[in-house]
Amino acid sequence: MRKVALRPYALLPRQYDHEKVLATTVDAWGRALWLICPDAEVRTSRYGWTSPVPRTSSYDAVLVISRGSAVRERPLHGITLQVVRLDALPHGRVVLHGYGATADQNTQIHGADGRQRHGFDMGIAVEYLMADRRHHLWSAYFDEGVYVDPISAAGLVRWDSGGNHEWGYRPPAGVPTAPPSSGTHSPSGGVVISTCTAHREGSGT
């Protein structure tokens with residue numbers, strides 16, 4: 001079994017310790033990504049958890065890209081989301097998902113120049129967002145979205161890298177028709193895993 005040291009992916013490069021991180025991930029190329037907003041403040045939600053929030057509805061941010069000892073920055077301009085998830089796409093593009101924009105554009109794609117190219121609706125209650133090397137985006141959803149939103153209803157959805165819906169989960173013959181409660185996708189593009197929660201009549205589980 002291959003062993004992977006996870007510590008380098010968990011630690012923000014030291015020179016950014018004082019910055020506010022909106023979202024972070026490890027992309028399909030094995031790089032750690034951090035989205036930093038210089039003009040953000042820490043706020044407490046009504047549920048008691050704290051997170052950094054941009055002070056303005058449209059703002060610029062810095063994408064920090066780290067692989068081994070190599071660290072570089074990329075500016076992103078005109079973001080209009082409170083970003084909670086991100087990933088890298090081929091050809092230097094970046095996908096951002098969050099809240100605060102119009103209801104039908106909760107996901108934005110920025111080009112290699114850092115400018116926003118377009119936005120689209122990825123559905124509600126997104127639990128996972130992943131991109132692969134084959135120009136695909138994958139989104140998986142909490143049950144809060146699966147049972148109320150037509151996009152989220154599939155539980156696991158594939159998009160092209162332009163934000164166009166390509167595929168949604170459909171159970172094979174003999175498998176309960178309930179959509180998956182969550183799903184994951186391998187960055188290599190070769191494996192998709194979905195898990196379903198069985199619901200017994202009247203039990204709620």
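I'll take a sheet, then a surface patch, then a loop.

This is a predicted model: local features need pLDDT of at least 70, side-chain atom pairs count only at pLDDT 80 or more, and totals for chains, interfaces and linings use all residues. Numbering starts from 1 along each chain as its sequence is written, and side-chain values use heavy atoms, leaving out hydrogens and water.

The sheet. It is open, with four strands in the order β7-β8-β9-β10 and antiparallel pairing. Strands here are DSSP E runs of at least two residues, helices H or I runs of at least four, numbered from the N terminus. Pairing takes at least two DSSP bridges. β7 (82-88) and β10 (116-120) are the edges; each has a single partner strand, so one side of each has no neighbour in the sheet. β9, residues 107-110, pairs with β10 over four bridges. There, Thr 107 sits opposite Phe 120.

The patch. Ile 124, Tyr 147 and Val 148 make up a nonpolar surface patch, about 310 Å² of accessible area together. Areas are Shrake-Rupley, 1.4 Å probe, and for residues only the protein chains shown count as cover. Patch residues have over 30% relative accessible area and no salt bridge; nonpolar side chains (Val, Leu, Ile, Met, Phe, Trp, Tyr) are joined within 5 Å, like charges within 9 Å. A salt bridge is a Lys or Arg side-chain nitrogen within 4 Å of an Asp or Glu carboxyl oxygen.

The loop. Val 148 lies between α2 (143-146) and β13 (156-160). Asp 149 is in that loop too. Buried or exposed, Asp 149? Buried, because its relative accessibility is 14%. Val 148, at 60%, counts as exposed. The cut-offs: buried is under 20%, exposed over 50%, partly exposed in between. Asp 149 touches Gly 123 and Ile 124, leaving aside residues up to four places away in sequence; contact means heavy atoms within 4.5 Å.

Terms used:
Buried means under 20% relative accessible area, exposed over 50%, partly exposed in between (1.4 Å probe, protein chains only).
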